[in-house]
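User: I am new to this structure and would like to go through it step by step. Could you take me through what can be seen?

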Amino acid sequence: MASLWRYVLAGLGLAALLTGVLAAVYLTAPHAPQRAGSEIARSKSTANGLFVASFEPERGVIRQGELQSWLLTLKTVAGAPVEGAAIAISGGMPQHRHGLPTSPQATDYLGEGCYRIDGVKFTMSGLWQLHFAISAAAGSDTVVFNVLL
């Protein structure tokens, strides 16, 4: 009878150890964030409300591993196109704590407040953020777009 209790206690101990290991793995593994619709929106107001910015891939599809162009459209709150803006771009993968693999630049003004952003590349799936610092006649402001691949 004593040996049966030893096997039962050993089994319970092993089950507890396995549960602890699985819990540790689950809690430390990176998880893909679940983003609400507004967090991955392609159009939003800038941080200080000076502009309304829209951001979309020029070819309409997000492609992983390829250099691509995106379009950033800037309008005033009243809906007028923002012309002559200076745009600085940065970003990366916040959960992986690394920046962009390229240095995207605003290369062309296409009219009606639309700027071509060349050199965007997403090397892996997950959440990417693109930060835009915008300076125009109305003032300076920033906007962050989340891109989920």
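**A walk through the model**

User: Let us start with one residue. Where does Thr-73 lie?

Analyst: Thr-73 belongs to strand β3, which covers residues 68–76. Please keep in mind that this is a predicted model.

User: Is Thr-73 buried or exposed?

Analyst: Thr-73 has a relative accessible area of 18%. Buried means under 20%, so Thr-73 counts as buried.

User: And what does Thr-73 touch?

Analyst: Leaving aside residues up to four places away in sequence, Thr-73 touches Val-52, Ala-53, Ser-54, Glu-112, Gly-113 and Cys-114.

User: Let me step back. What does the secondary structure of the protein chain come to?

Analyst: There are 1 helix and 9 strands in the protein chain. Along the sequence the pattern reads α-β-β-β-β-β-β-β-β-β.

User: How much of the chain is buried?

Analyst: Of the 149 residues in the protein chain, 28% are buried. The chain exposes about 8900 Å², and 59% of that area is supplied by carbon and sulfur atoms.

User: Now the sheets. What is the strand order in the open sheet of 4 strands?

Analyst: The order is β5-β4-β8-β9, and the pairing is antiparallel. Its edge strands are β5 (98–99) and β9 (139–148), each of which pairs on one side only.

User: How many bridges join β4 to β8?

Analyst: Strand β4 (residues 86–93) and strand β8 (residues 127–136) run antiparallel and are joined by 7 bridges. Within β8, Ala-133 stands opposite Ala-88.

User: And how do β8 and β9 pair?

Analyst: They pair in the antiparallel sense, over 10 bridges. The two strands form a hairpin with 2 residues between them. The bridge partner of Ile-134 is Asp-141, in β9.

User: Which strand is joined to β6?

Analyst: Strand β6 (residues 105–111) is joined to β7 by 5 bridges, and these strands run antiparallel. Ala-106 has Ile-117 in β7 as its bridge partner.

User: What is said of Glu-112 in that hairpin?

Analyst: The hairpin of β6 and β7 has 2 residues between the strands, and Glu-112 takes a positive phi near 55° there.

User: Changing topic: how many aromatic pairs does the structure hold?

Analyst: It holds 7 aromatic pairs. In one of them, the rings of Phe-55 and Phe-132 have centres 5.0 Å apart and planes at 65°, so the pair is edge-to-face.

User: Which parts of the chain does that pair tie together?

Analyst: Phe-55 lies in strand β2 (residues 51–57) and Phe-132 in strand β8, so the pair ties together parts that are 77 residues apart in sequence. Both Phe-55 and Phe-132 are buried.

User: Why is the pair of Trp-70 and Phe-122 called edge-to-face?

Analyst: The ring planes of Trp-70 and Phe-122 stand at 80°, with the centres 6.0 Å apart, so this pair is edge-to-face. Trp-70 lies in strand β3 and Phe-122 in the loop between β7 (114–120) and β8, so parts that are 52 residues apart in sequence are tied together. Trp-70 is buried, as is Phe-122.

User: Which residues do ring pairs link into a cluster?

Analyst: The cluster consists of Phe-55, Trp-70, Phe-122, Trp-128, Phe-132 and Phe-145.

User: Finally, how many salt bridges does the count come to?

Analyst: The count comes to 3 salt bridges. In one of these, the side chains of Arg-116 and Glu-58 meet at 2.7 Å, N to O. This pair links distant parts of the chain, with Arg-116 in strand β7 and Glu-58 in the loop between β2 and β3, 58 residues apart.

User: Which residue does Asp-108 meet?

Analyst: The side chain of Asp-108 meets that of Arg-116 in a salt bridge (2.8 Å, N to O). Glu-58 is partly exposed, at 34% relative accessibility, and Asp-108 is partly exposed at 34%.

User: And which residue forms a salt bridge with Glu-66?

Analyst: That residue is Arg-63, and the closest N and O atoms are 2.7 Å apart. Arg-63 counts as buried at 16% relative accessibility, whereas Glu-66 is partly exposed, with a relative accessible area of 38%.

Methods: Residues numbered from 1 in each chain as written. Predicted model: local features only at pLDDT ≥ 70, side-chain atom pairs only at ≥ 80, totals over all residues. Heavy atoms only, no water. Pairing = 2+ DSSP bridges. Buried < 20%, exposed > 50% of the residue type's maximum accessible area, 1.4 Å probe, protein only. Contact = heavy atoms within 4.5 Å. Phe/Tyr/Trp six-rings, centres within 6.5 Å; stacked < 30°, edge-to-face > 60°. Areas by Shrake-Rupley, 256 points an atom, 1.4 Å probe, with all protein chains shown as cover. Salt bridge = Lys/Arg side-chain N within 4 Å of Asp/Glu carboxyl O.
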